[in-house]
Amino acid sequence: MSQINVLITGAAGFTGRHACRYFVAKGYHVIAAVRNSARHGEPGVEYISCDLTSKEQVWQLVKKANPRYVLHLGGKNSVPESWGEPLLYMESNIMGSLYLLQALRESGCSSRVLVAGSRLKFELSQPLAPTHPYALSKSIQEAAALSWGKLFHQDVLVAEPGNLIGPGPSTGICALLAKYIVNAEQGEQQKPFRLSSAEERRDFLDVRDAVAAYEVLLQHGETGSVTPVCSGQERRLGEVAELYTSLSTADVAIVAGDAPGSGADEAVQPQRLWELGWKPEYAWRQSLGDILDYFRAERAEWL
């Protein structure tokens, strides 16, 4: 029986690396789209260099990959950077997605495409209330991808991940705090780590559980659907700091600001994923412990 081809864009990113390992382990033929294929060598993964903002390169990528499934993780995802490079965010997140869908359409690939959206999106209805250029780009990306699928009869669906955590290179709050603690374990003098608020709440999900959810959606999700990919449980940032300090013997200084405690997250239950048989496998404590161990190992390589 031949392997199923799965194309993963953004394969060099935090989620993309985990996705490549996961799908290889599950027996898929993984084609990974990255900026420079020479820099990557995950066992069992076929890397292809591709700039998703180049229509010609995307066409060549699709022609080579001939994917049954596409996990579209590619694009830009930094809120602060989006203020300085707003057009780059529109081009990367919106046009990159449409170039991909059009290339699949023109090549005749009957691919199922799962687009990784964002819970930071806003409703595209009057009055418009964008919070930053990143949110604008992801809001239009979702609408454009789903509309393209509807207009041209393509099998497109969207996943909206929450705050993904886990071992690997990340710029999220859990990774930043873990780096701080690991530096403290090595005796490095640092300014106190500042949280916006100890009471701010966020939904955290291990990236390895998110990737498993993506496979479930690729296999069983409903065309045109938008599915939250989250744990369904909000945690205080103060709770994150407390568990981290309990996992380390280092003396760390963490201070909390007085930002509103509600945070930006809105509690969402992943009901559709539960109905499809998915459930998280990684316990909260294990996720944070694995993040610490990742940065400990990374730090040890420097010494």
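The radius of gyration is taken over C-alpha atoms, and the globule rule is 2.2 Å times the number of residues to the power 0.38. Keep in mind that this is a predicted model, where local features need pLDDT of at least 70, side-chain atom pairs count only at pLDDT 80 or more, and totals for chains, interfaces and linings use all residues. Residues are numbered from 1 along each chain as its sequence is written, and side-chain values use heavy atoms, with hydrogens and water left out.

**Exercise 1.** Work out what the radius of gyration says about the chain.

*Solution.* Start with the rule: for 303 residues, a compact globule would come out near 19 Å. Now look at the chain, which has 20 Å, so the two agree.

**Exercise 2.** Find where Ile-8 sits, and decide: buried or exposed?

*Solution.* Next, check the cover: Ile-8 has 0% relative accessibility, so it counts as buried (under 20% relative accessible area with a 1.4 Å probe, protein chains only; exposed is over 50%, partly exposed in between). Across the chain, 49% of the 303 residues are buried too.

**Exercise 3.** Which residues does Ile-8 touch, beyond its neighbours within four places in sequence?

*Solution.* The partners include Ala-19, Phe-23, Val-30 and Leu-73.

Definitions and conventions
Contact = heavy atoms within 4.5 Å.
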